[in-house]
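The following explanation guides a new reader through one protein structure. Please look at the sequence and the model together before reading on.

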Amino acid sequence: MPVAAANLALSRLRTDSYLSRGYWYDVKLLNEDCSVSKALTELGEMEGYGHAYIGPFNPTLCHAASLFAQHWEAGLASPGCLDADWLNLQPITSPAKVLITVLRFFRWAHVAVISAPTDLWESTGEEVASALRAMGLPIDPVVTMETKNNGGAREALNEIRQTNKAKVVIMCMSSILIGGEHQKELLLAALDMGMVADGYIFIPYDALLYAMPYQDIAFPLLTNNTQLRHAYSAVLTVTMASDESFYETFHQAQITREIRSAISATEVSPLFGTIFNMVYFVAKSVEERRQAGGGHWVTGSQLFNSEGGFDFKGFNQVKTHEKEHFY
């Protein structure tokens with residue numbers, strides 16, 4: 001529900017006296033195709049739609065998006081950009097920096113990456129591996145779960161096990177807790193192959209992009225499946241900290257009619273909250289640049305110079321300081 005997330009952020013922006021300084025914000029949703037080649041073609045046709053672009057989410061598109069934004073003299077706030085060399089107003093803490101911090105804390109040097117068999121996740125896996133290698137980590141192997149046969153998960157895991165070094169596996173796929181079937185298949189295969197008992201650690205990449213609910217919540221998928229719960233014990237989830245469960249916050253916004261949809265909160269991806277926060281983050285960056293420039297009009301390209309240093313109320317965070325904290 002990206003449109004609902006953006007519109008909710010807009011409605012709150014328009015009643016925020018701090019941000020009501022002569023600017024009128026509006027958002028247009030531009031679809032990002034899951035096919036990298038098609039998304040790249042469509043990206044080049046997006047000139048003139050806005051002063052700033054939130055996205056892309058696919059890190060493979062970041063280089064092109066950054067070049068396009070500079071040519072268009074527009075701002076770019078992409079959560080998918082993992083390469084610090086490209087101009088980008090990073091709206092969340094870089095997932096690569098979070099991963100490197102966690103890996104160094106536990107002194108895990110050898111890491112593997114496994115991706116779901118889709119264009120989006122395969123390219124994400126390659127970019128994650130490239131970003132971590134640039135930080136000095138030996139990432140090997142980088143594999144994809146093939147779906148040509150039923151043994152795709154086992155074949156990918158067997159390739160990781162044969163390296164005999166990597167004990168940490170970064171999973172580039174949708175989390176099982178929000179309906180990711182590929183991750184379910186992967187974890188059950190790891191359990192069956194004895195990799196859970198052997199101490200392998202599995203880290204879901206997608207949870208770095210949003211606030212996975214973790215306060216006083218039971219996931220029926222795990223509660224009602226002993227085998228899956230056992231497999232999930234090998235998962236280390238690192239996600240954005242939040243003061244209230246995403247599901248509870250979403251439900252409260254439905255009660256107050258800020259969100260006019262009867263859909264169950266558990267059917268909505270927590271990425272909804274990230275989209276809300278990113279729209280607000282860009283608006284706060286505009287105001288920061290306006291004040292720094294003595295009240296002059298702010299262009300999209302000036303957002304890259306934002307120094308941050310501001311707080312705001314996130315979707316389910318009482319106070320968000322520039323970039324998200326992690327739990």
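Predicted model: local features only at pLDDT ≥ 70, side-chain atom pairs only at ≥ 80, totals over all residues.

Apart from its neighbours within four places in sequence, Phe 202 is in contact with Leu 157, Val 169, Met 171, Leu 187, Ala 190, Ala 234, Val 235 and Leu 236. The protein has a mean pLDDT of 86, and 95% of its residues reach 70 or more. Among the elements, strand β6 (residues 201–204) has the highest mean pLDDT, 96, whereas strand β8 (residues 320–321) has the lowest, 54. Over residues 323–327 the pLDDT falls below 50; beyond near neighbours in sequence, this stretch has 25 contacts in the model.

In soluble globular proteins, nonpolar side chains tend to be buried together. The largest nonpolar core here has 62 residues, and Phe 202 is one of those with the most contacts inside it, along with Ile 114, Leu 157, Ile 170 and Tyr 205. Helix α4 (residues 95–105) gives the most to this core, contributing six residues. A second, separate core has 33 residues, including Leu 89, Ile 275, Met 278 and Val 286.

The next topic is the sheet. Four strands form an open sheet in the order β4-β3-β5-β6, with parallel pairing. Its edge strands are β4 (139–144) and β6, each of which pairs on one side only. Neighbouring strands of the sheet are turned against each other by 20 degrees on average, when direction is ignored. Strand β5 (residues 168–172) runs parallel to β6 and is joined to it by four bridges. Within this pairing, Val 169 has Phe 202 of β6 as its bridge partner; Val 169 is also among the residues in contact with Phe 202.

How many of the five residues of β3 are buried? Five of the five are buried, so β3 is largely enclosed by the rest of the structure. Val 111, Val 113 and Ser 115 point one way from β3, while Ala 112 and Ile 114 point the other way. Four bridges join β3 to β4, and the two strands run parallel. In β4, Val 142 is the bridge partner of Val 113. Strand β4 also contains Pro 141, and the peptide bond from Asp 140 to Pro 141 is cis, with omega near 0 degrees. Another cis peptide bond, also with omega near 0 degrees, leads from Gly 55 to Pro 56. Pro 56 is found in the loop between β1 (52–54) and α3 (62–72).

Helix α6 (residues 152–163) lies across β3 (111–115), β4, β5 and β6, and runs at about 165 degrees to β4. In helix α4, the buried residues include Pro 95, Ala 96, Val 98, Leu 99, Ile 100, Val 102 and Leu 103. Among the elements that cover the buried residues of α4 are β3, α5 (119–134), β5 and β6.

Helix α7 (residues 181–192) has twelve residues, which at 1.5 Å a residue should span 16 Å; its end C-alpha atoms are 17 Å apart, which agrees. Its buried residues are Gln 183, Leu 186, Leu 187, Ala 189, Ala 190 and Leu 191. These buried residues pack against β3, α6, β5, β6 and α9 (226–232). After α7 comes Gly 194, whose phi is positive, near 85 degrees.

Positive phi values also occur in residues other than glycine. Arg 107, in the loop between α4 and β3, has a phi near 60 degrees. Is Arg 107 buried or exposed? Its relative accessible area is 77%, over the 50% cut-off, so Arg 107 is exposed. Glu 73 lies in the loop between α3 and β2 (75–77), and its phi is positive, about 55 degrees, although it is not a glycine. Glu 73 is likewise exposed, with a relative accessible area of 58%.

Asp 216 and Glu 244 are 28 residues apart along the chain, and their C-alpha atoms are separated by 9.8 Å.

Notes: Residues numbered from 1 in each chain as written. Heavy atoms only, no water. pLDDT = per-residue confidence, 0-100. Contact = heavy atoms within 4.5 Å. Pairing = 2+ DSSP bridges. Axes fitted to C-alpha atoms, helices over the stretch in contact; angles between N-to-C directions. Core = buried A, V, L, I, M, F, W, Y, C linked by side-chain atoms within 4.5 Å. Buried < 20%, exposed > 50% of the residue type's maximum accessible area, 1.4 Å probe, protein only. Expected span 1.5 Å × (residues − 1).
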